[in-house]
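This report covers the fold and the overall properties of one protein. The sequence and the model are shown first.

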Amino acid sequence: MSARQRPTTDSARVASPPGPATVRVAWRVRGGLVEYDGYSTDARSSPHDRGGRVSTLLIDVDDAWPPGVPAC
């Protein structure tokens, strides 16, 4: 998994957190479309303590836009 500076796949990589890991998401934002293993989304998450933005496909959640997580 790569955390990117902006919510695009061609943005600079700012971190490569080890996985699997527990993350707390600070907020969500729409970005470039990411496709993986038959799934696709434009949702990006900004983990509190890891920096950057990561595709929500790489976070094990049921809803890419869950209630209670603010959009940015």
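In what order do the elements of the protein run from the N terminus on? The order is β-β-β-β-β. This is a predicted model, and its secondary structure comes to five strands and zero helices. The radius of gyration is 11 Å, close to the 11 Å that the globule rule gives for 72 residues, so the protein is as compact as a globular protein of that length.

**Sheet**

Three strands form an open sheet in the order β3-β4-β5, and their pairing is antiparallel. The edges are taken by β3 (25-36) and β5 (54-55); each has a single partner strand, so one side of each is left without a neighbour in the sheet. Strand β4 covers residues 39-47 and is joined to β3 by eight bridges, with the two running antiparallel. Within this pairing, Y36 stands opposite Y39 in β4.

**Whole protein**

The C-alpha trace spans about 30 × 25 × 25 Å along its principal axes. Further values for the protein are listed below.

| Property | Value |
|---|---|
| Buried residues, share of the 72 residues | 29% |
| Contacts between residues 24 or more positions apart, share of those with a separation of 6 or more | 39% |

**Charge**

The protein carries 9 positive side chains and 8 negative ones. How far apart do the centres of the two sets lie? The distance between these centres is 10 Å.

How values were computed: Residues are numbered from 1 along each chain as its sequence is written. This is a predicted model: local features need pLDDT of at least 70, side-chain atom pairs count only at pLDDT 80 or more; totals for chains, interfaces and linings use all residues. Side-chain values use heavy atoms; hydrogens and water are left out. Two strands pair if DSSP finds at least two bridges between them. Helices (H or I, at least four residues) and strands (E, at least two) are DSSP runs, numbered from the N terminus. The radius of gyration is taken over C-alpha atoms; the globule rule is 2.2 Å times the number of residues to the power 0.38. Buried means under 20% relative accessible area, exposed over 50%, partly exposed in between (1.4 Å probe, protein chains only). Contact means heavy atoms within 4.5 Å. Lys and Arg count as positive and Asp and Glu as negative; His and the chain ends are not counted. The place of a charge is taken as NZ of Lys, CZ of Arg, CG of Asp or CD of Glu.
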